[in-house]
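Student: I would like to go through some of the terms used for a protein model. Could you show how each one is applied?

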Amino acid sequence: MIGKRNKNQPQRQLISPADFFSCKKEKTKLNWFCFEFALEFQNFIDRDLKLKSQLKRENIDEEAIAKFCIHYAKHMKKPILDKINGLSENLTLSYLEIENYFPSIGDRLVDRLLTIAGKAWDSQTELCVHCPTRCISERDKIAPMFDDPFYWE
């Protein structure tokens with residue numbers, strides 16, 4: 001479920017559904033969930049003006065933030081599948097992906113981004129409770145939203 005833009009979101013969409021598939025068979029509900037999580041993560045970062053200012057001082061602009069959110073969301077597929085398949089008791093958001101992606105930002109910014117990732121995760125999964133799409137339980141099914149012109153700007 002994609003929410004409406006708020007005034008703090010950038011006008012230009014930097015995260016696209018196309019970032020989450022390379023062929024028709026990858027247009028799955030799990031990949032759609034990851035797309036939505038990337039948007040939610042970016043949205044939470046956008047609303048934290050202090051964090052955005054700190055990232056800007058590290059030469060991390062809007063585009064770099066969007067690319068990172070895409071990367072982090074794609075990384076979440078394995079922990080999600082491990083949890084669903086009973087290989088892991090809990091789903092863990094990893095700071096390692098943040099450190100590896102932004103190796104020079106320091107522990108405080110890594111911690112801030114991890115906290116924001118957690119808030120975005122909670123927000124996204126809270127929406128899933130009421131969403132009829134069932135992206136996680138029907139994770140391998142095709143997500144028709146990938147072909148909906150509404151999501152393509």
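Tutor: What follows takes a residue, a helix and a pocket in turn. This is a predicted model, where local features need pLDDT of at least 70, side-chain atom pairs count only at pLDDT 80 or more, and totals for chains, interfaces and linings use all residues. Residues are numbered from 1 along each chain as its sequence is written, and side-chain values use heavy atoms, with hydrogens and water left out.

Student: Why is Asp82 called buried?

Tutor: Buried means under 20% relative accessible area (1.4 Å probe, protein chains only). Asp82 has 18% relative accessibility, so Asp82 counts as buried. Asp82 is part of helix 4.

Student: Which residues does Asp82 touch, not counting residues up to four places away in sequence?

Tutor: Those are Leu87 and Ser88; contact means heavy atoms within 4.5 Å.

Student: What makes ten residues of the lining of the second largest pocket nonpolar?

Tutor: Ala, Val, Leu, Ile, Met, Phe, Trp, Tyr, Cys and Pro count as nonpolar, Asp, Glu, Lys and Arg as charged, and the others, Gly among them, as polar. By that rule the lining divides into ten nonpolar, two polar and three charged residues.

Technical notes:
Helix = DSSP H or I, 4+ residues; strand = E, 2+ residues; numbered from the N terminus. Buried < 20%, exposed > 50% of the residue type's maximum accessible area, 1.4 Å probe, protein only.
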